[in-house]
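User: Please take a close look at one strand of this model. I would like to know how it is placed and what it pairs with.

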Amino acid sequence: MKMKTKLLFLTLGLGLTFMLSCTKYPPQSERLLEDLAIITQYDTKIDFNNYKTYSIAASIIKITSKDTITLTPSESAKFINQIETNMNNRGFTKVAPTESPDFGIQVVYYQNTYVYAYYGGYWGYDWYGYYYPYYPVYYSSYSAGLANIELVDLKVFQPGSSTRYLRWNAYIRGLLTGSHSDAELLHTIDQAFVQTPQLKTSAQ
Amino acid sequence: MKKIFSLLFIFFVTLTALKAQEPTLPGFQPASYYTFYWNTAFPMGDFNDWVSQPSPAGFGFSGRYFLQKGLAAGFDFGWHRVSKIYDDETFTIPDKGLAITAENYRFTWMIPFQAVVAYHMIPEKTISPYVSLGIGGDYMEHRLMIQEYDIYETFWDFSLTPEVGFLARFGAFSEWGAQIGFNYKWTTNRIELYQTKSEHLQMLNLKVGISYLIR
């Protein structure tokens, strides 16, 4: 093969290689969906100073693609305690569910790929019964584990009504990607509070 | 900026001195030449704040036509992309009460197109150094990806690109050669994404290409 022909092929080969690499999105952009992320949203129309007490479900609800189970209090303790610590640090007081708490907190852990599941929660209502005072963060799918911490307003709860008012929630996602130590997972709970400085009360 | 022009000036003076000393060798001045090149971009200034790492993801095609001895005019266009993944950062949208802490991907891809005037100091020689100035524009798309959130904006701009480099033929009479160029690019492009505000994006580019010469 002549030198000129070789060079021509070389040029065409290089050109083709570069053209194929000419994609809009850089490599690894899909991996963002699988990394650990903390996403929070609160109701900007309420004043948290009007709330003082909360009660928290002692167990985490775990939803897989096959079923819904409730983890035991001992399995859930580390994470529930971390939420309690943060709530207490923000000025809220934990009370028993029978003492008419202002907020109810529940943690749901999704292990399935898609989150379109119906579940019955600790506070006795289902996903579709919530009223979001804001536009909830929308996800089309999850592929690597998601925990959702929900803060429900029980002060405005009307007995007999299926509507619940969600004032704050935190999504922690990417829990099944790679390996995360307990310290890292507990840090994500702290971070959820850190990035919501509005969630605090001075009510006595 | 001053440093770059000083370097360009020193380069030009050195090459002119070399030209005066070089003995006459056989060769030819091409009527024109075309180069397909691979480009590595080094974002500078505000652009470096946006994506703080060089990117070899780029290519381009250029052509130059000799108008008279040493003086050439032509074109240059291509495709470049700079990108980087940043570790956990917190992004907030206060009016929606929303906050996200996650890794984020920032990238800009661009389509540059320029008219070029070049001066080759010894166009008939095997190694032919040149200085050039490109004047034209870019189409740039800036993107910020946080989880499934994909925020972007696009801008057209005006750009100036002074460049130094050389064309090295693979033999005194070869129609094939390599071109290596190094340029500084100034644009009127800007980034106004989320909390990033950058103006007059600038970058350095290293071009390595294969050239075809026409007699």
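Analyst: Two strands are taken to pair if DSSP finds at least two bridges between them. Strands (E, at least two residues) and helices (H or I, at least four) are DSSP runs numbered from the N terminus. The model is predicted, so local features need pLDDT of at least 70 and side-chain atom pairs count only at pLDDT 80 or more, while totals for chains, interfaces and linings use all residues. Residues are numbered from 1 along each chain as its sequence is written, with chains lettered from A and ligands numbered from 1 in the order in which they are written.

The part examined is strand 1 of chain A, residues 37–42. On one side, this strand pairs in the antiparallel sense with strand 9 (residues 164–173) of chain A, over six bridges. Within that pairing, Thr40(A) stands opposite Ala170(A). Strand 1 of chain A also pairs with strand 4 (residues 98–120) of chain B, again in the antiparallel sense, over four bridges. There, Ile39(A) has Ile100(B) as its bridge partner.

Terms used. A residue is buried if 20 or more other C-beta atoms lie within 10 Å of its own, exposed if 12 or fewer, and partly exposed in between; C-beta atoms are placed from the backbone.
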